[in-house]
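Please examine the sequence and the three-dimensional structure shown below. The paragraphs that follow lead through the structure one region at a time.

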Amino acid sequence: MALRAAEACVTHQGRPERSAEMRDAMAFLQPGDNPGPAGKIYLSWYRAVERPVTVKALHRALPEATAEQIAMWLDRCDPCDGGDPRDAGQGGPIARAAAILAAVLADRPHDYAAALVLADAALAQALGWTHVTPLLGPGVKRTDLRKTGEELRFACHRAIRTAATEATRKATDLSRRAVRLRTVAPKLRAKGSDEAVSKFLSRDSVAPTALTSLRSDRAARRFCDRLVELGAVRELTGRDTFRLYGI
């Protein structure tokens, strides 16, 4: 869902990159590399979802905004802090998320990624979730981002309804695939296979070079090919080299 949200934000900005390019940017990123504009957006979403929701974690995901700014945006629309409850839709989760979306866009009109990351973070907080689950990010349309007030709140309701359906479908499919991977895991006798399997269970895509527990790139490639043979993972790129795998 983070990848879908990143793709939507890139599309809102009129850029041509799609999920395949962003997967590559993330998978083959080396320390000190510039992932490019689209890669930065995916990195923001990836960091936003990988840790529990806190201002510190959100600042790590959105380094161009200060921690103070992030806290201000999240607090500005919180009626518990003395603000006007009407600004947060009387504290309703979706209305509150919409209010924060509007507040961030008012301050940073074209920073769609930051606005949607923080709106989804606010939604997660309001619902008592520990982690951000991207629903507004992939569901809100570019035309919705120009709306205000009741129209924006309605657009957020519609976006969440659509994205939640997709998220539920993906969760069902991924759960089934994860069970398959765990079932075949005991058959994998390579040293370091347990750590390698855990990476497949926690990442959208994995490059063989990331499976450092398997000692060598050649061993990692053979390991991935074996998982494909067993029907436990899929090769995602269709390439002969620089392949990526995922459940």
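Pro208 is located in the loop that joins H10 and H11. The model is a predicted one, and every value given here is computed from it. Is Pro208 buried or exposed? Its relative accessibility is 11%, and because buried means under 20% relative accessible area, Pro208 counts as buried. Apart from residues up to four places away in sequence, Pro208 touches Ala220, Arg221, Cys224, Arg243 and Tyr245. Pro208 and Arg51 are separated by 157 residues in sequence, and their C-alpha atoms are 24 Å apart in space.

The loop between helix H10 (193-200) and helix H11 (217-229) also holds Arg215. With a relative accessibility of 67%, Arg215 counts as exposed. The backbone of Arg215 deserves attention: its phi is positive, about 80°, although Arg215 is not a glycine. Most residues other than glycine have a negative phi. Phe242 is likewise not a glycine and has a positive phi, of about 50°. Phe242 belongs to the loop between strand E1 (234-235) and strand E2 (245-246). At 61% relative accessibility, Phe242 counts as exposed.

Helix H5 spans residues 67-76, and its buried residues are Ile70, Trp73 and Leu74. Why do they line one face of the helix? Seen down the axis of H5, the buried residues fall within an arc of 95°, so they line one face. An α-helix has 3.6 residues a turn, so residues three or four places apart point the same way. The cover over the buried residues of H5 includes helix H4 (55-61), helix H6 (93-107) and helix H7 (112-127).

Ile70, found in helix H5, can be followed in detail. Its relative accessible area is 0%, and Ile70 is buried. When neighbours within four places in sequence are left aside, Ile70 is in contact with Val55, Leu58, His59, Leu62, Ala65 and Leu118. Ile70 and Ala114 are 44 residues apart along the chain, and 9.5 Å separates their C-alpha atoms.

H7, one of the helices covering the buried residues of H5, has 16 residues. From its first C-alpha to its last, H7 reaches 22 Å, which is close to the 22 Å expected at 1.5 Å a residue. Of the 16 residues of H7, 13 are buried, so H7 is largely enclosed by the rest of the structure. After H7 comes Gly128, which has a positive phi, near 75°.

H3 is a further helix to trace. It contains 15 residues, and its reach of 21 Å from first C-alpha to last is close to the 21 Å expected at 1.5 Å a residue. The buried residues of H3 are Gly36, Ala38, Gly39, Ile41, Tyr42, Leu43, Ser44, Trp45 and Ala48. H1, H2, H4, H7 and helix H8 (136-139) are included in what covers them. Tyr46 also lies in helix H3, but at 25% relative accessibility Tyr46 counts as partly exposed. Residues up to four places away in sequence aside, Tyr46 touches Ala2, Met26 and Arg203. Tyr46 and Gly36 are ten residues apart in sequence, and 15 Å lies between their C-alpha atoms.

Rolling a probe the size of a water molecule over the atoms shows where empty space is left. The largest pocket has a volume of about 1100 Å³. Its lining comprises 32 residues, and those nearest its centre are Met1, Ala2, Leu174, Arg203 and Asp204. Two of these, Ala2 and Arg203, are touched by Tyr46. Helix H1 (2-12), helix H2 (19-27), helix H3 (36-50) and helix H9 (149-184) each contribute at least two residues to the lining. Which helix gives the most to the lining of the largest pocket? H9 does, with eight residues. By kind, the residues of the lining divide into 16 nonpolar, six polar and ten charged.

Glu166 lies in helix H9 as well. With 14% relative accessibility, Glu166 counts as buried. Leaving aside neighbours within four places in sequence, Glu166 is in contact with Met1 and Arg4. Met1 is among the residues that lie nearest the centre of the largest pocket.

How values were computed:
Residues are numbered from 1 along each chain as its sequence is written. This is a predicted model: local features need pLDDT of at least 70, side-chain atom pairs count only at pLDDT 80 or more; totals for chains, interfaces and linings use all residues. Side-chain values use heavy atoms; hydrogens and water are left out. Buried means under 20% relative accessible area, exposed over 50%, partly exposed in between (1.4 Å probe, protein chains only). Helices (H or I, at least four residues) and strands (E, at least two) are DSSP runs, numbered from the N terminus. The arc is that of the directions from the helix axis to the C-beta atoms. Contact means heavy atoms within 4.5 Å. On a 1 Å grid over the protein atoms alone, a cavity is a set of points where a 1.4 Å probe fits but cannot get out, and a pocket is an open set with protein on both sides within 12 Å along at least five of seven lines; lining residues have an atom within 4 Å of a point. Grid points are joined across faces, edges and corners, and a volume is the space filled by probe spheres set on the points. Ala, Val, Leu, Ile, Met, Phe, Trp, Tyr, Cys and Pro count as nonpolar, Asp, Glu, Lys and Arg as charged, and the others, Gly among them, as polar. The expected span of a helix is 1.5 Å times one less than its number of residues.
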